[in-house]
Amino acid sequence: MNLFLCIVLAGVLAAAGYLYTRFLYLPPIVRFLAVPWQRRVAAGALAGGLMIVSLMRANMVSVFFLYLFLGYLLFDLLLLLFRKSGFLRKIYLGGLSAWILAALVVPGGYIAARTMVVNEYRVAIDKELTAPLRILFVSDLHLGAGTGPRELDRFRRIADEIKPDLIALVGDIYDERTPRATAEYSFLTWEKLSSRYGTFYVTGNHEHGSHGSGVNVPELLKTLEAHNVTPLADRGLLIDNRFYLFGRIDKRVEKTSGIPRPELAQLLAAVDGKLPLIVLDHQPFVLIPEERERVDLQLSGHTHAGQLFPINFLVKFFYEKSYGLLKKDGYHMIVSSGLGSWGFPLRTSNFAEIVLVTVTGKR
């Protein structure tokens, strides 16, 4: 068991213990169980049951458990700060308010995960680009984990309305649990997409088995190629003699294969530095200075921008930029929160995102 899972397990156990102390005073338990040991058993069974179901598999109960804990914690802090507030004690309802709060968050997060928004960025680069380049990109669909044909149809309609120059699928489009029927529907969707330069794809960590056996990547790449998608696996293309587009195999492949990815500087050795250079790389690792000098724009995903509050704050400690636009001199990196969700079809820190990037240069 790795360190991260140990920390999560310790946190869940601590949360369950804390909830047990609060469940002892739940109005239904206090009202119907007069004997103290009966209350302890009921509170323990309730806290333990929620914890076990939450740990068995990431699901809606896991999210309910998280926000029930946060709800109780919030009210405890408020009651500690405002001890004389009769109003707070009234709305606390012996702890029932925390249950109501958690019960409202879960359907709200479900709605947010299905609320598709288009966020736009304008990136000005210091290289020649005679006309603006409009790139539509998505990441982290996790097809089958809450996203399916309906979301694919909506994405295609939006892409048809925007009419971008290029469409980029930036990893974790598929994952370990993507049903075959959903994957086949996606292939037909990509085939119908229309843009000036086509649709391009790079793998993410889940395609390479971040939480399981992954997918058959070589077979997937062949299938995508047969359906109007150009996979970029540590290679690049000069497009219309206007700009370079490079795509990276996800860094996860180093663990699954034991073979390190080639250095980006090695891949860019023969590139004409006067032309704009765009890199698709699923995980948002900021390039080293030598690489940043050559790359104008990097498009990434992976983080889901935390997906759940307050994880959106924690994820910022792991990446220099976990969401949005990072600019360092002539280098720009845009990190998307993703179009899908992972673990459970819920978002409480953001919405499902499609990104439209307009790149402008010197004329």
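Helices are taken as DSSP runs of at least four residues, numbered from the N terminus, and in this predicted model one such run, helix H8, spans residues 180–192. Within helix H8, Glu184 and Arg180 stand four residues apart, and the two are therefore separated by about one helical turn. Their side chains form a salt bridge, in which the closest N and O atoms are 3.1 Å apart. Glu184 has a relative accessible area of 41% and is accordingly classed as partly exposed.

Ten salt bridges are counted in the model.

A polar atom of the Lys127 side chain lies 3.3 Å from the backbone oxygen of Leu275.

A further salt bridge is formed by Asp234 and Arg248, whose closest N and O atoms are 2.6 Å apart. Asp234 is located in the loop between strand E5 (229–231) and strand E6 (235–239), and Arg248 in the loop between strand E7 (243–247) and helix H10 (253–257), so that the pair ties together parts that are 14 residues apart in sequence. Both Asp234 and Arg248 are buried, the threshold for that class being a relative accessible area under 20%.

Arg248 is also part of the lining of the second largest pocket, where Arg248, Lys251, Arg261, Glu263 and Glu291 are the residues that lie nearest the centre. The space in this pocket amounts to about 260 Å³, and its lining comprises 14 residues. When these lining residues are sorted by class, seven are nonpolar and seven are charged, while no polar residue is found.

Parallel strand pairing is seen on either side of strand E9 in the bridge assignments. Strand E8 (residues 277–280) and strand E9 pair in the parallel sense over three bridges, and the bridge partner of Val279 in E9 is Gln298. Strand E9 is likewise joined to strand E11 (residues 331–335), with which it runs parallel, by four bridges; here Gln298 has Met333 as its bridge partner in E11. In a regular strand the side chains alternate between the two faces of the sheet. In strand E9 (residues 297–300), Leu297 and Leu299 are on one side and Gln298 and Ser300 on the other, and as all four are buried, both faces of the strand are covered.

The separation between two further positions was also computed. Leu78 lies in helix H4 (residues 60–81) and, at 27% relative accessibility, counts as partly exposed. Between the C-alpha atoms of Leu78 and Ser139, which are 61 residues apart along the chain, the distance is 39 Å.

Key. Residues are numbered from 1 along each chain as its sequence is written. This is a predicted model: local features need pLDDT of at least 70, side-chain atom pairs count only at pLDDT 80 or more; totals for chains, interfaces and linings use all residues. Side-chain values use heavy atoms; hydrogens and water are left out. On a 1 Å grid over the protein atoms alone, a cavity is a set of points where a 1.4 Å probe fits but cannot get out, and a pocket is an open set with protein on both sides within 12 Å along at least five of seven lines; lining residues have an atom within 4 Å of a point. Grid points are joined across faces, edges and corners, and a volume is the space filled by probe spheres set on the points. Ala, Val, Leu, Ile, Met, Phe, Trp, Tyr, Cys and Pro count as nonpolar, Asp, Glu, Lys and Arg as charged, and the others, Gly among them, as polar. Buried means under 20% relative accessible area, exposed over 50%, partly exposed in between (1.4 Å probe, protein chains only). Two strands pair if DSSP finds at least two bridges between them. A salt bridge is a side-chain nitrogen of Lys or Arg within 4 Å of a carboxyl oxygen of Asp or Glu. A polar contact is a pair of N or O atoms within 3.5 Å; within protein, one must be able to donate a hydrogen and the other to accept it, and residues adjacent in sequence count only if both atoms are side-chain atoms.
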